[in-house]
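Here's a quick look at a few spots in one model. Have the sequence and the coordinates open as you read.

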Amino acid sequence: MISNIAEDEDKWLAEGIAGIQHNAFYMHRSVDSNNLREVLKYSAQMLSELRTSRLSPHKYYELYMRAFDELRKLEIFFKDESRHGCSIIDLYELVQHAGNILPRLYLLCTVGSVYIKSKEAPPKDVLKDLVEMCRGIQHPIRGLFLRSYLSQVSRDKLPDIGSDYEGDADTVMDAVEFVLQNFTEMNKLWVRMQHQGPGRAKEKQEKERSELRDLVGKNLHVLSQIEGIDLEMYKDTVLPRVLEQVVNCKDELAQYYLMDCIIQVFPDEYHLQTLETLLGACPQLQPTVDIKTVLSQLMERLSNYAASSAEVLPDFLQVEAFAKLSSAIGKVIEAQVDMPVVGAITLYVSLLTFTLRVHPDRLDYVDQVLGACVKKLSGKPKLEDSKATKQIVALLSAPLEKYNDIVTALTLSNYPRVMDHLDNGTNKIMAMVIIQSIMKNSTCISTADKVEALFELIKGLIKDLDGFPVDELDEEDFKDEQNSVARLIHMFYNDDPEEMLKIICTVKKHIMTGGLRRLPFTVPPLIFSALRLVRRLQGQEGDVVGEEEPATPKKIFQLLNQTIEALSSVPSPELALRLYLQCAEAANDCDLEPVAYEFFTQAFILYEEEIADSKAQVTAIHLIIGTLQRMNVFGVENRDTLTHKATGYSAKLLKKPDQCRAVYACSHLFWVDDQDGIKDGERVMLCLKRALRIANAAQQMATVARGSSGPVILFVEILNKYIYFFEKGNSQVTSSAIQGLIELITSEMQSESTTPDPPSDAFFASTMRYIQFQKQKGGAMGEKYDSIKA
């Protein structure tokens with residue numbers, strides 16, 4: 001059925017074009033022979049093809065353009081009076097005798113154009129006559145194209161200031177009156193199109209009407225080009241008349257398009273000075289008009305105007321642009337009760353963008369926009385519409401992008417209230433945007449109050465929100481979120497120790513509500529942030545008079561102990577042990593022996609009771625040994641207790657090689673190279689001999705289990721320890737002991753039962769080269785090595 005209609009239209013169009021071409025041919029022959037009567041006859045017959053009602057607007061436009069081209073040629077003929085021998089006044093009267101009204105009016109407009117150009121009559125009289133005559137065509141499509149032709153032929157002949165047709169003082173008003181009248185009549189015809197044809201074809205009609213919208217809009221463009229229209233005339237005459245037509249037509253398509261045209265074609269300065277009038281029309285439009293887009297475009301144009309020059313900014317303040325726009329948006333939302341939430345939020349996003357560009361220093365305006373959004377969302381469930389939540393994210397992101405400073409956003413009281421209306425998933429997305437903004441701009445959050453406000457904003461990442469358990473999260477997403485929070489904690493800093501302690505306490509309060517799964521991510525940055533404060537306070541002890549919360553190392557260490565204890569319930573003993581050791585080292589630097597001892601005690605308790613995995617035990621004991629070796633705060637008794645524990649646990653590791661390595665590592669606990677460090681050569685030697693026994697046991701076990709002894713790597717490692725302490729001056733480590741160990745390793749390597757191991761061989765060969773190098777170097781060290789055969 002549709003294809004048949006299309007075929008019929010193509011056939012009708014072809015017939016119409018053929019009719020135009022046929023009559024145009026004879027018209028041109030008559031022109032060539034200067035036969036005016038025949039010219040008028042064939043031109044009228046040619047224009048009669050435009051009387052058809054069978055074509056769609058798109059097809060009718062093609063037909064019209066064919067006729068238009070011929071009319072331009074006809075106009076040239078009419079201009080040359082010597083050819084047709086008829087005065088322009090007589091010609092103007094003559095064409096009015098054409099038989100059919102549509103051809104008559106097209107010819108009248110064509111001759112009228114020549115008449116105005118001849119200046120034999122005032123332009124305003126001819127234009128008024130033409131625009132009134134065109135009322136004779138009331139068919140919407142035919143009337144629209146006729147009036148479009150009138151607009152086209154007259155636009156360069158309007159009595160405007162500076163034009164060839166300028167008349168008396170009222171000349172501009174005559175031009176304005178002509179264009180406005182033509183616009184009004186065209187808009188009425190355009191609106192009337194919706195009432196043609198059966199109701200079921202409404203969608204098709206709207207599409208056809210949309211195709212013709214530019215014919216109407218061109219009148220507004222012509223108005224904007226009239227030089228004589230100043231601000232006063234625009235304010236008093238042009239805009240009120242245009243808006244009156246827009247409001248009264250009560251047509252959704254026309255109102256939206258014409259409001260858009262007004263915004264696009266007239267100068268920004270005029271919009272600013274007539275803002276109240278323009279905005280006053282918005283609530284009067286049909287409820288179905290997409291007014292949010294219209295207002296958004298208006299605010300965008302005004303924003304660009306403000307950005308173009310700082311000189312215009314006082315004008316915005318003078319006309320109270322923000323107050324008027326804010327009031328207009330409120331009235332539109334109130335009037336359009338069925339406006340979806342996303343539409344209202346889109347308006348607030350545009351208003352906020354306008355505010356940030358025009359009044360960036362007015363945070364009260366920004367907060368007012370956010371407050372209006374909160375008011376619109378109040379009483380409604382959390383947003384789940386993806387389009388609406390996307391607009392909320394845009395609304396909340398705008399201040400961050402403008403100020404590049406979350407601290408500014410934290411001063412906006414309505415900012416968190418807007419976030420509360422987001423669904424849990426989007427709330428977390430916005431929280432990530434906030435953190436990324438802080439990291440990108442290296443923003444330092446310097447007070448506890450600001451940290452409190454910030455954590456309120458990003459609470460979706462800090463703890464489980466109602467109805468959104470953490471178990472439902474993707475593991476990778478969860479890790480990314482928590483790592484972001486961890487990085488954020490490092491951005492909290494204040495030079496004042498008291499304020500910094502308050503910040504640390506605030507962070508602790510919030511992260512402890514985050515659930516066990518989050519603590520391994522959030523506790524370590526808090527601990528290191530607190531330790532950084534401790535380093536700044538080294539040497540301070542006791543209470544500061546007059547301070548409610550004195551920031552002293554002792555107080556901070558108490559806080560740290562409580563915080564790390566929370567990890568034991570995760571459970572995350574390996575992480576807790578590392579943090580205890582970090583704290584112990586900091587306490588050592590602060591010369592707080594009891595505190596350091598307590599942290600070591602907690603570390604050993606974790607090792608005993610919580611760490612069962614053999615690999616984790618190996619890592620943990622080496623961390624303990626390494627940290628303990630660096631401690632210089634302990635007295636003899638405490639140090640002996642801790643070193644005894646460390647050596648004891650080292651010897652109890654599951655695997656013999658692990659035992660061996662941990663035990664010889666303990667030798668460093670008894671020989672510290674500092675000026676006042678402990679140097680107990682005898683106990684060093686005991687550790688090394690014990691390690692050697694364990695290495696022998698490992699070889700024997702390998703022989704029993706596999707029929708061949710294992711690699712000699714452990715012996716080579718112990719040999720290197722011997723050499724280290726030998727060079728450090730440990731009298732218990734003699735050259736003969738080193739020689740004996742070398743011979744043992746050589747013997748083991750030559751044994752048929754030993755498993756070949758190239759890395760061990762290379763390690764031993766490198767060690768022997770080192771001994772040879774020291775011998776050749778000479779001096780006191782060379783003499784020590786002389787007795788060793790390498």
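Which residues does Thr522 touch, not counting residues up to four places away in sequence?

## Thr522 and its contacts

Leaving out residues up to four places away in sequence, Thr522 touches Gln482, Val485, Ile489 and Ile511, where a contact means heavy atoms within 4.5 Å. Thr522 sits in helix 29, residues 519–536. Its relative accessibility is 3%, so it counts as buried (buried is under 20% relative accessible area, exposed is over 50%, and partly exposed is in between, using a 1.4 Å probe and protein chains only).

## Where the numbers come from

This is a predicted model, with pLDDT of at least 70 needed for local features and 80 or more for side-chain atom pairs, while totals for chains, interfaces and linings use all residues. Residues are numbered from 1 along each chain as its sequence is written, and side-chain values use heavy atoms, with hydrogens and water left out.

Helices are DSSP runs of H or I with at least four residues, strands are E runs of at least two, and both are numbered from the N terminus.

## Helix 25 and its cover

Helix 25 spans residues 448–457, and its buried residues are Ala448, Val451, Leu454, Phe455 and Leu457. What covers them includes helix 22 (406–410), helix 23 (415–419) and helix 24 (424–440), along with helix 26 (459–462), helix 27 (475–489) and helix 28 (497–511).

## Cysteines

You'll find zero disulfides here, a disulfide being a pair of cysteine sulfur atoms within 2.5 Å. For Cys249, the nearest cysteine sulfur belongs to Cys261, 12 Å away. Cys249 is buried, at 14% relative accessible area.

Cys505 is in no disulfide either, with the nearest cysteine sulfur, that of Cys583, 15 Å away. Cys505 counts as partly exposed, at 28% relative accessibility.
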